[in-house]
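Hello,

Here is the structure we talked about passing on. Please have a look at it first; my notes come after it.

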Amino acid sequence: MIGEIEIYGVYFPSLLILMVLAFGVTAVLRAMLGQLGFYKLVWHRSLLNAALYVIVLGGFVVLTRGW
């Protein structure tokens, strides 16, 4: 994973970009799980959402490690 990404002269940490991307993907997944009724089977919805975000962010970090 590279250290910084430059967008129009502004440098952003690459982790920040990955966190925003993971948040968007997680929002889509949460909407899909809500439509499917999966949250009725879950004991603590907030913990599941936090764990889902960490898993998606970790996956993005692993996928972009070689760039």
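Predicted model: local features only at pLDDT ≥ 70, side-chain atom pairs only at ≥ 80, totals over all residues.

Helix H1 runs over residues 14-36. The buried residues in H1 are Ser 14, Leu 18, Ala 22, Thr 26 and Leu 33. Their cover includes strand S1 (4-7), strand S2 (10-13) and H2. Just after H1, Gly 37 has a positive phi of about 80°.

Helix H2 (45-63) has 19 residues, and the distance from its first C-alpha to its last is 27 Å, close to the 27 Å expected at 1.5 Å a residue. Asn 49, Leu 52, Val 56, Leu 57 and Phe 60 are buried in H2. Viewed down the helix axis, the buried residues of H2 fall within an arc of 130°, so they line one face. An α-helix has 3.6 residues a turn, so residues three or four places apart point the same way. Val 54, Ile 55 and Val 62 are exposed on the other side of H2. H1 is part of what covers the buried residues of H2.

The largest nonpolar core consists of five residues, namely Leu 18, Ala 22, Val 56, Leu 57 and Phe 60. Both H1 and H2 supply at least two residues of this core, with the largest share, three residues, coming from H2. As background, nonpolar side chains tend to be buried together in soluble globular proteins.

Now the threonines. Which residues does Thr 26 touch, leaving out those up to four places away in sequence? They are Asn 49, Leu 52, Tyr 53 and Val 56. Thr 26 lies in H1 and has a relative accessible area of 4%, so it is buried. Its C-alpha atom is separated by 11 Å from that of Leu 48, which is 22 residues away along the chain.

Thr 64 is in the segment after H2. Is Thr 64 buried or exposed? Its relative accessibility is 14%, and the cut-off for buried is under 20%, so Thr 64 counts as buried. A polar atom of the Thr 64 side chain lies 2.9 Å from the backbone oxygen of Phe 60. Phe 60 is also one of the core residues listed above.

Regards

Conventions:
Residues numbered from 1 in each chain as written. Heavy atoms only, no water. Helix = DSSP H or I, 4+ residues; strand = E, 2+ residues; numbered from the N terminus. Buried < 20%, exposed > 50% of the residue type's maximum accessible area, 1.4 Å probe, protein only. Contact = heavy atoms within 4.5 Å. Polar contact = N/O pair within 3.5 Å; in protein donor to acceptor, adjacent residues only side chain to side chain. Core = buried A, V, L, I, M, F, W, Y, C linked by side-chain atoms within 4.5 Å. Expected span 1.5 Å × (residues − 1). Arc of directions from axis to C-beta.
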